[in-house]
Amino acid sequence: MIIVLKPEATERDVDHILDRLRELGLKSHISQGAERTIIGVIGDDRILQNQPLTAFPGVESVTPILAPWKLVSREFRKDDTVIEVNGVKVGGKKVAIMAGPCAVEKLELTVGIAHEVKGAGASILRGGAYKPRTSPYSFQGVGREGLDYLLEAKKQTGLPVVSEILDTRDIELFLEKADIIQIGARNMQNFELLKEVGAYDKPVLLKRGLSATIKEFLLSAEYIMSRGNRNVMLCERGIRTFETQYRNTLDLAAIPTLKELSHLPVIVDPSHATGRWNLVAPMSKAAIAAGADGLLIEVHSNPECALCDGEESIKPAKFKELMRDLRKIGEAVGREI
Ligand code: PEP
Ligand code: MN
């Protein structure tokens with residue numbers, strides 16, 4: 001951290017700051033310029049994050065050098081993290097394709113879609129049993145029994161299951177029935193939920209908040225990891241911008257940026273990122289080209305009648321065609337699909 005002092009800062013101001021740094025166990029290096037004094041803080045200065053240094057007399061600006069996160073950072077771990085989910089690797093050379101309905105509806109429908117996506121080459125089944133809906137009058141998900149439908153689909157297809165948790169009180173249920181626990185965009189900063197899933201080693205798919213910056217996103221991942229859970233996947237799912245033509249704006253630059261800043265696998269959800277089924281294929285291709293480690297795609301056999309997000313769900317035939325195209329893109333960028 002670099003602390004730049006105002007030209008009028010006195011020796012007493014400097015001593016006051018140095019005393020505080022010493023109290024916090026940090027060393028400092030003083031550079032006395034013609035006009036200004038600059039203090040370089042040596043050591044892990046993350047503890048200064050919550051210290052109001054600009055409140056000290058004589059301080060003009062404070063510039064952190066180290067990122068505010070630690071465990072999620074590339075510096076902490078050079079190699080990509082590869083998370084194993086029931087034999088399926090997420091984060092390695094092979095791109096993980098997670099597909100399935102937005103919401104779990106009926107048993108037969110869930111199992112049917114699971115067979116379709118598996119046949120097309122998906123490696124993980126998605127489906128929400130509990131749905132975080134904007135309106136309290138919208139379908140809220142079938143709840144607990146939805147997780148049993150997913151389990152039956154898993155039994156028949158072998159596909160591990162990712163499903164969203166909304167409530168810390170459901171943790172035992174999800175630990176038992178889901179292979180990956182999804183934290184949705186709306187809960188990215190539900191810190192109690194983050195701490196709860198952080199207490200186990202069950203893989204977590206953390207979605208970027210509706211208007212979250214990369215920094216906030218990584219700090220949420222840090223919440224989970226700081227509790228001990230190292231199996232975190234980051235999911236870019238579009239952010240809210242001024243554009244109203246589509247549901248959200250897919251932040252493609254977030255993919256290489258997250259990969260540069262963090263060792264965690266980066267998954268892209270082109271369905272919620274666009275809200276339109278016809279944009280799912282082009283955005284999936286772009287995501288793989290940009291280095292995504294996985295995709296989370298909504299697939300429904302009858303989108304017109306889907307209870308949730310039919311407008312952004314693609315049919316199994318379209319998904320199959322997309323998988324074929326993705327293999328070619330994957331080959332071009334050195335990935336297997
Ligand atoms: C979902 O994946 O089912 C979902 C609700 O997505 P998001 O949290 O990204 O809106
Ligand atoms: Mn959805």
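Colleague: Which residue of β14 is the bridge partner of Val268?
Modeller: Leu295 in β14 is the bridge partner of Val268. This is a predicted model, in which local features need pLDDT of at least 70, side-chain atom pairs count only at pLDDT 80 or more, and totals for chains, interfaces and linings use all residues. Residues are numbered from 1 along each chain as its sequence is written, chains are lettered from A and ligands numbered from 1 in the order in which they are written, and side-chain values use heavy atoms, without hydrogens and water.

Colleague: What makes β13 and β14 a pair?
Modeller: Two strands pair if DSSP finds at least two bridges between them. Strand β13 (residues 266-268) and strand β14 (residues 294-298) are joined by 2 bridges and run parallel, so they count as a pair. Strands (E, at least two residues) and helices (H or I, at least four) are DSSP runs, numbered from the N terminus.

Colleague: Which sheet is formed by β7 to β14?
Modeller: The 8 strands make a closed barrel in the order β7-β8-β9-β10-β11-β12-β13-β14, and their pairing is parallel. On average, neighbours in this sheet are turned by 25 degrees against each other, direction ignored. Helix α3 packs on the sheet, where it touches β8 (124-126) and β9 (161-164), and its direction makes about 170 degrees with that of β9. Touching, or contact, means heavy atoms within 4.5 Å. Helix α9 lies across β13 and β14, at about 170 degrees to β14.

Colleague: Why are α9 and α10 called roughly parallel?
Modeller: Helix α9 (residues 277-289) and helix α10 (residues 316-332) pack at about 20 degrees, with axes 9 Å apart. Angles under 35 degrees count as roughly parallel, over 145 as roughly antiparallel, 65 to 115 as roughly perpendicular and the rest as oblique. The α9 and α10 pair is therefore roughly parallel. Their contact includes Trp277, Ala281 and Ile288 of α9, and Leu322, Leu326 and Ile329 of α10. By class, this contact has 7 nonpolar, 2 polar and 3 charged residues. Nonpolar covers Ala, Val, Leu, Ile, Met, Phe, Trp, Tyr, Cys and Pro, charged covers Asp, Glu, Lys and Arg, and the others, Gly among them, are polar.

Colleague: How do you know that α2 and α3 are oblique?
Modeller: The axes of helix α2 (residues 107-120) and helix α3 (residues 144-157) come within 9 Å and cross at roughly 40 degrees. The two helices are therefore oblique to each other. Among the residues in contact are Val111 and Ala114 of α2, and Leu150 and Ala153 of α3. The contact has 6 nonpolar, 4 polar and 2 charged residues. Axes are lines fitted to C-alpha atoms, for helices over the stretch in contact, and angles run from 0 to 180 degrees between N-to-C directions.

Colleague: What makes β2 and β4 edge strands of the open sheet?
Modeller: This sheet has 4 strands in the order β2-β3-β1-β4, with antiparallel pairing. Strands β2 (27-32) and β4 (59-63) each pair on one side only. The twist from one strand to the next averages 20 degrees. Helix α1 (residues 11-23) packs on the sheet and touches β1, β2, β3 and β4, running at about 5 degrees to β3.

Colleague: How is β1 joined to its neighbours β3 and β4?
Modeller: Strand β1 (residues 2-5) pairs with β3 (residues 37-42) over 3 bridges, in the antiparallel sense. Here Val4 has Ile38 as its bridge partner, and Ile3 has Ile39. Strands β1 and β4 run antiparallel and are joined by 4 bridges, with Leu5 opposite Val59.
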